[in-house]
Amino acid sequence: MKQRLALLAVAGLMSTTAQAQVEVQWWHSMGGALGEWVNDLAKDFNASQKDYKIVPTFKGSYDESMTAAIAAFRAGNAPHILQVFEVGTATMMASKGAIKPVAEVMKEAGQKFDPGAYVPAVAGYYTAPNGQMLSFPFNSSTPVFHYNKDALKAAGLDPNKPPTTWPEVALAAAKLKASGHKCPYTTSWISWTQLESFSAWHNTLFATKNNGFGGLDTRLAFNTPLHVRHIENLANMAQQGLFVYKGRGNKADAVFVSGECAMMTGSSALYGNVKRNGKFDYGIGALPYYPDVPGAPQNTVIGGASLWVMSGKKPAEYKGVAAFFAYLSQPEVAAKSHQRTGYLPVTKASFELTDKSGFYKENPGTDVSVTQMIRKTTDKSRGVRLGNFVQIRTIIDEELEGVWAGKKSAKEAIDTAITRGNEQLERFQKAQK
């Protein structure tokens with residue numbers, strides 16, 4: 001009898017500790033190698049303390065998870081944490097009742113939180129005009145130039161000297177094609193790499209009002225002679241089989257990793273995937289630029305995503321969110337994430353730790369994303385923050401697909417994209433009044 005009572009007491013204790021653990025739901029869009037990284041972060045945090053349990057759930061692409069979260073919020077069952085890509089930032093900032101600013105979450109939970117500890121180009125993007133940090137910088141990336149050293153070598157090019165300018169990219173692509181390569185150059189995220197980052201890299205506006213940072217009455221401005229020339233050059237490369245368009249979003253990533261395409265512009269976060277699955281000697285270079293443009297190269301813009309905290313949750317749950325964010329900000333944790341994925345180090349301390357460890361020397365090119373981003377930004381190069389940005393990117397994809405197919409001129413496609421995109425900006429502006 002005594003033994004039974006003792007067992008019951010132990011069982012009772014176990015159930016109360018199990019109940020005492022506060023669950024925090026985290027919706028994300030990380031698949032493959034990055035999905036494993038997210039699961040490991042949650043697992044390591046859960047093992048580091050007993051009070052909270054982070055439950056990560058993959059919700060499909062960035063577009064899909066954002067749509068699912070909006071629907072869940074309306075139904076009253078939104079997650080605590082939502083990973084939102086940078087394109088959704090203006091929309092999230094405008095959803096005042098749906099979100100709880102990160103700075104507020106950290107302060108209420110008594111967690112030390114210094115926005116100054118984060119890499120400025122990253123923190124600035126997620127900060128409101130009043131200086132309050134609204135979301136937690138999590139997986140920030142920037143576009144870089146990925147290349148297959150083996151393919152370059154086979155084409156008679158120096159594998160340790162990737163092309164640095166757009167004219168050099170065209171010449172290298174021609175040599176790759178001549179050596180039998182079917183896909184010399186490709187790109188993922190067309191609008192992000194070829195228009196948004198391209199603009200900042202050349203210190204040119206993508207949209208008025210400092211790319212949307214200066215007000216909701218911003219309008220698209222990527223119809224300068226420089227933008228038209230660049231899209232024309234890519235169109236000529238496409239006609240000659242030097243640039244092969246592989247589809248929207250990050251569709252091109254897979255054809256680079258498989259070795260089908262020799263050079264590509266895409267997210268710095270492709271690094272982890274190539275390291276794990278690429279069967280070739282791999283290099284990372286800076287984004288190409290036009291050498292005749294004064295002030296180029298300037299700096300590239302942010303990509304990837306941040307973590308937003310949804311409103312309407314219990315104080316104990318917000319404490320769990322704050323504890324998790326504090327954990328992610330630890331220099332060792334942030335440095336490990338940066339080194340594993342190719343995403344930017346989110347804090348200055350994690351960058352310094354990585355640098356001191358010799359990681360950049362041992363893995364040449366892994367610091368490219370950092371050096372591209374930590375240059376001093378200008379009002380033209382701070383980033384792009386527009387309402388209805390997801391729709392605008394889709395419009396740009398549609399119009400430029402006409403160019404790659406040889407059905408539209410670069411100028412015609414750009415002008416139409418601007419007209420259609422501005423309608424989206426006007427709609428967003430009206431909705432905020």
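Predicted model: local features only at pLDDT ≥ 70, side-chain atom pairs only at ≥ 80, totals over all residues.
Visitor: What makes Asp 415 count as partly exposed?
Guide: Its relative accessibility is 28%. Buried means under 20% relative accessible area, exposed over 50%, and partly exposed is what lies in between (1.4 Å probe, protein chains only).

Visitor: Where is Asp 415 found, and how far is it from Phe 222?
Guide: Asp 415 is part of helix H20 (residues 410-431). Helices (H or I, at least four residues) and strands (E, at least two) are DSSP runs, numbered from the N terminus. Asp 415 and Phe 222 are 193 residues apart in sequence, yet their C-alpha atoms are 8.8 Å apart in space.

Visitor: What does the side chain of Lys 100 make a polar contact with?
Guide: With the side chain of Glu 104, at 3.2 Å. The rule asks for a pair of N or O atoms within 3.5 Å; within protein, one must be able to donate a hydrogen and the other to accept it, and residues adjacent in sequence count only if both atoms are side-chain atoms. Contact in general means heavy atoms within 4.5 Å; leaving aside neighbours within four places in sequence, Lys 100 touches several residues, including Leu 134, Met 310 and Tyr 318.

Visitor: How do you know that Cys 183 and Cys 261 form a disulfide?
Guide: Their sulfur atoms are 2.0 Å apart, and the cut-off is a pair of cysteine sulfur atoms within 2.5 Å. By that rule the count comes to 1 disulfide. The pair links distant parts of the chain, 78 residues apart: Cys 183 in strand E7 (residues 183-187) and Cys 261 in strand E8 (residues 261-267). The link is right-handed, with 90° about the S-S bond, and both cysteines are buried.

Visitor: What makes E7 and E8 a pair?
Guide: Two strands pair if DSSP finds at least two bridges between them, and 4 bridges join E7 to E8, which run parallel. Cys 183 even has Cys 261 as its bridge partner in E8. Strand E6 (residues 143-148) pairs with E8 too, in the antiparallel sense over 5 bridges, and there His 146 stands opposite Met 264.

Visitor: Why is E8 called mostly covered?
Guide: 7 of its 7 residues are buried. Helix H9 (residues 190-201) is also mostly covered, with 12 of its 12 residues buried.

Visitor: What goes into the largest nonpolar core?
Guide: A nonpolar core is a set of buried Ala, Val, Leu, Ile, Met, Phe, Trp, Tyr and Cys residues joined through side-chain atoms within 4.5 Å. The largest has 105 residues, and Phe 206, Met 263 and Phe 325 have the most contacts inside it. Helix H14 (residues 315-329) gives the most to this core, with 8 residues. Another core, of 27 residues, lies apart from it, and Cys 261 is among them.

Visitor: How confident is the predictor?
Guide: pLDDT is its confidence in each residue, from 0 to 100. The chain's mean is 92, and 96% of its residues reach 70 or more.

Terms used
Residues numbered from 1 in each chain as written. Heavy atoms only, no water.
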